[in-house]
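Thanks for making time, everyone. Please bring up the sequence and the model, and follow along with me.

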Amino acid sequence: MSVVSLLGVKVLNNPAPFDAKYQFEITFECLEPLQKDLEWKLTYVGSATSSEHDQELDSLLVGPIPVGVNKFIFEADSPNLKRIPTSEILGVTVILLSCSYDDREFVRVGYYVNNEYDTEEMNDDPPAKPVIEKVRRHVLAEKPRVTRFAIKWDSEDSAPAEFPPEQPEADAVEDDGTAYGAEEEELEAAEAGAVEAADGVREDAEDEEMAGAEDTAGPSAPKAEDEVSDAGSEDLEAESSGSEEEDIEEEEGEGEADEDMEMGEDGDGATHAEAGKGEKLQGQHPGEVMVH
């Protein structure tokens, strides 16, 4: 806990000419009697690229400090132009208002400052060499950046902890590295078991698929088709043979009848009938029947 708390800072002369003094009304509160004074300091940042151009505008010792709320006016001179690069005079820069106790800084307030000419014509077309009499500064007092630091005041109890407190119970706790390694091994074992289980399920599924394929498409189907085709061909051959034999018998019967009739009339008729009978038998040979 800080013994001194900054309550507010008010920039009095703002805006102001570049070479005018800075004036701040500072309000703070002191909670305990202090053995030493407070040191207030104002720093001007001369360049955004290097801290070599920073310059301390002024410093002020305030004390002794009574307990309670205190207020005072802090004045600081304008920056030295010789320590600022010519290209850095115009534009935006920063000023830092800080306070220390016993050379230990505990609060810092930063402000942006815009330096520009007081006429639009000169801002649009600035001269090669800055004309300081025409330059005005504007402190953006509405947007300060406050940073606080914990320091040691008069008592040792107020000193901030430089090291974390001792924790003897932490030594009895298992090392995080060992526990982490054990957890990794358990995770790897669980993942390996899951992979093996998945492989087993996949193999069982493949075996079931193969067994199902054998049941649905067995080797007996083509055999049945062959038997059907063979049976059909036998029946067809049997029917065709039977029909041919009947035709032959009928032709033989007709031939005999003709022969009987013709033999009664002329002997040459029998010879012609027998020749015709032989020709008919040769034309109706059963081996020429095609089965489809």
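Let's start with Cys 30. Its relative accessibility is 1%, so Cys 30 counts as buried. Buried means under 20% relative accessible area, exposed means over 50%, and partly exposed is in between, using a 1.4 Å probe and protein chains only. Cys 99 is buried too, at 0%.

A word on the source. This is a predicted model, where local features need pLDDT of at least 70 and side-chain atom pairs count only at pLDDT 80 or more, while totals for chains, interfaces and linings use all residues. Residues are numbered from 1 along each chain as its sequence is written, and side-chain values use heavy atoms, leaving out hydrogens and water.

Next, Ser 100. Find it in strand β7, residues 91-101. Strands are DSSP runs of E, at least two residues, and helices are runs of H or I, at least four, numbered from the N terminus. Ser 100 has a relative accessible area of 14%, so Ser 100 is buried. What is Ser 100 in contact with, leaving aside its neighbours within four places in sequence? Asp 37, Leu 38, Glu 39, Glu 105 and Phe 106. Contact means heavy atoms within 4.5 Å.

Now the aromatic rings. The structure holds seven aromatic pairs. Rings of Phe, Tyr and Trp (its six-membered ring) pair if their centres lie within 6.5 Å; planes under 30 degrees apart count as stacked, over 60 as edge-to-face, and the rest as tilted. Take Phe 24 and Tyr 111. Their centres are 6.4 Å apart and their planes sit at 25°, so this pair is stacked. Phe 24 is in strand β3 (residues 22-30) and Tyr 111 is in strand β8 (residues 104-117), so the pair ties together parts 87 residues apart in sequence. Both Phe 24 and Tyr 111 are buried.

Phe 28 and Trp 40 make a tilted pair, 6.0 Å centre to centre with 45° between the planes. Phe 28 lies in strand β3 and Trp 40 in strand β4 (residues 38-45), so this pair ties together parts 12 residues apart in sequence. Phe 28 and Trp 40 are buried as well. Ring pairs also link Tyr 22, Phe 24 and Tyr 111 into a cluster.

On to charges. The count is five salt bridges. A salt bridge is a side-chain nitrogen of Lys or Arg within 4 Å of a carboxyl oxygen of Asp or Glu. One of them joins Lys 21 and Asp 77, at 3.8 Å, N to O. Lys 21 is in the loop between β2 (16-17) and β3, and Asp 77 is in the loop between β6 (68-76) and β7, so the pair ties together parts 56 residues apart in sequence. Lys 21 is partly exposed at 44%, and Asp 77 is partly exposed at 37%.

Asp 102 and Lys 36 meet in another salt bridge, at 3.0 Å, N to O. Asp 102 is in the loop between β7 and β8, Lys 36 is in the loop between β3 and β4, and they are 66 residues apart. Asp 102 is partly exposed at 30%. Lys 36 is partly exposed at 40%.

Finally, Lys 41 and Glu 56 form a salt bridge at 3.9 Å, N to O. Lys 41 is in strand β4 and Glu 56 in strand β5 (residues 55-62), 15 residues apart.
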